[in-house]
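Hi,

Here is the structure I said I would pass on. Have a look, and then read on for what turned up.

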Amino acid sequence: MNEVMTTLLNHRSIRHFNDQQLSDEQIKAIVSCAQAASTSSFIQAYSIIGIKDKEKKRKLAEIAGNQEYVVENGHLFVFCADLFRHEMIGEIEQKEVASSIESTEKFMVALIDAALAAQNAAIAAESMGLGICYIGGIRNKLDEVKNLLKTPERVIPLFGMTVGYPEKINDQKPRLPLEHVYHEEEYEQDKSVYLQQLQDYDQVISSYYEERTGGKRKDRWSEQMANMLEKQTRMYMKEFVQKNKMNLR
């Protein structure tokens with residue numbers, strides 16, 4: 001174990017921040033760490049938009065389901081898949097790049113690059129004693145988000161990240177057991193083993209909720225996931241992505 005590993009293993013989502021704002025130096029440090037993340041073929045297919053304006057935060061909070069911590073935090077980052085600059089590069093270098101930019105592969109590269117950068121940013125922030133929370137709810141109404149942030153075609157806002165000084169730190173949720181996530185040589189072929197691992201984890205999560213809520217809640221993880229996945233949400237996404245000239249080929 002070392003300091004980095006301790007920081008990683010202590011992660012939890014923070015949803016209550018005090019009103020202290022991040023300094024420009026802190027923001028720059030976090031973004032610099034994000035940029036140090038690995039990037040496929042050096043393509044760097046992402047952008048980060050920082051939000052300080054309280055009214056913009058409030059609008060994004062409404063879109064994300066009226067989550068107050070999207071407004072009340074030290075800083076809000078929005079991570080975007082971005083192939084717009086690569087389209088511009090094609091124009092500068094007089095090369096036909098649209099076919100590649102519009103491919104599913106490059107769309108996946110942009111998503112992965114943005115996620116890697118974001119996780120670097122999260123770890124950097126937590127190493128500074130700050131807390132973070134990812135905000136996937138901005139994808140509820142991406143047309144409104146794009147209008148608010150004025151992003152061009154070939155740029156898709158993926159998620160937000162609130163960062164700030166924790167006012168309240170929640171208990172850490174137990175993750176899936178390592179043996180369920182980590183497979184050696186090949187994926188687990190024995191379905192009965194796989195199901196038993198899920199049942200064991202369900203008991204862990206049920207106990208976690210029961211203890212955390214004083215018996216008011218004790219739902220299982222499988223139950224929680226099935227209920228969530230039964231509801232079709234953000235089903236407009238494919239149309240939206242393709243309207244923005246990505247994932248077309």
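Which residues do ring pairs link into a cluster? They are Phe 77, Phe 79, Tyr 134 and Phe 159. Keep in mind that this is a predicted model.

Searching the whole structure gives seven aromatic pairs. One of them joins Tyr 134 and Phe 159 edge-to-face, with 5.5 Å from centre to centre and 70 degrees between the planes. Tyr 134 sits in strand S3 (residues 131–135) and Phe 159 in strand S4 (residues 155–164), so this pair ties together parts 25 residues apart in sequence. As for burial, Phe 159 counts as buried at 12% relative accessibility, while Tyr 134 is partly exposed, with a relative accessible area of 32%.

Now for the helices. H2 (residues 24–35) and H6 (residues 104–127) have axes 7 Å apart and pack at an angle of about 140 degrees, so the two are oblique to each other. The crossing of H2 past H6 is right-handed. On the H2 side the contact uses Ile 30, Cys 33 and Ala 34, and on the H6 side Ala 117, Asn 120, Ala 121, Ala 124 and Ala 125. That makes seven nonpolar residues, one polar and no charged.

H9 (residues 191–213) and H10 (residues 221–230) are another pair: their axes come within 7 Å and cross at roughly 90 degrees, so these helices are roughly perpendicular. Here Leu 198, Tyr 201, Asp 202, Ile 205 and Tyr 209 of H9 meet Trp 221, Ser 222 and Gln 224 of H10. By class, this contact has five nonpolar, two polar and one charged residues.

Cheers

Conventions
Residues are numbered from 1 along each chain as its sequence is written. This is a predicted model: local features need pLDDT of at least 70, side-chain atom pairs count only at pLDDT 80 or more; totals for chains, interfaces and linings use all residues. Side-chain values use heavy atoms; hydrogens and water are left out. Axes are lines fitted to C-alpha atoms, for helices over the stretch in contact, and angles run from 0 to 180 degrees between N-to-C directions. Helices (H or I, at least four residues) and strands (E, at least two) are DSSP runs, numbered from the N terminus. Angles under 35 degrees count as roughly parallel, over 145 as roughly antiparallel, 65 to 115 as roughly perpendicular and the rest as oblique. Contact means heavy atoms within 4.5 Å. Ala, Val, Leu, Ile, Met, Phe, Trp, Tyr, Cys and Pro count as nonpolar, Asp, Glu, Lys and Arg as charged, and the others, Gly among them, as polar. A crossing is left-handed if the near helix is turned anticlockwise from the far one by less than a right angle, and right-handed if clockwise. Rings of Phe, Tyr and Trp (its six-membered ring) pair if their centres lie within 6.5 Å; planes under 30 degrees apart count as stacked, over 60 as edge-to-face and the rest as tilted. Buried means under 20% relative accessible area, exposed over 50%, partly exposed in between (1.4 Å probe, protein chains only).
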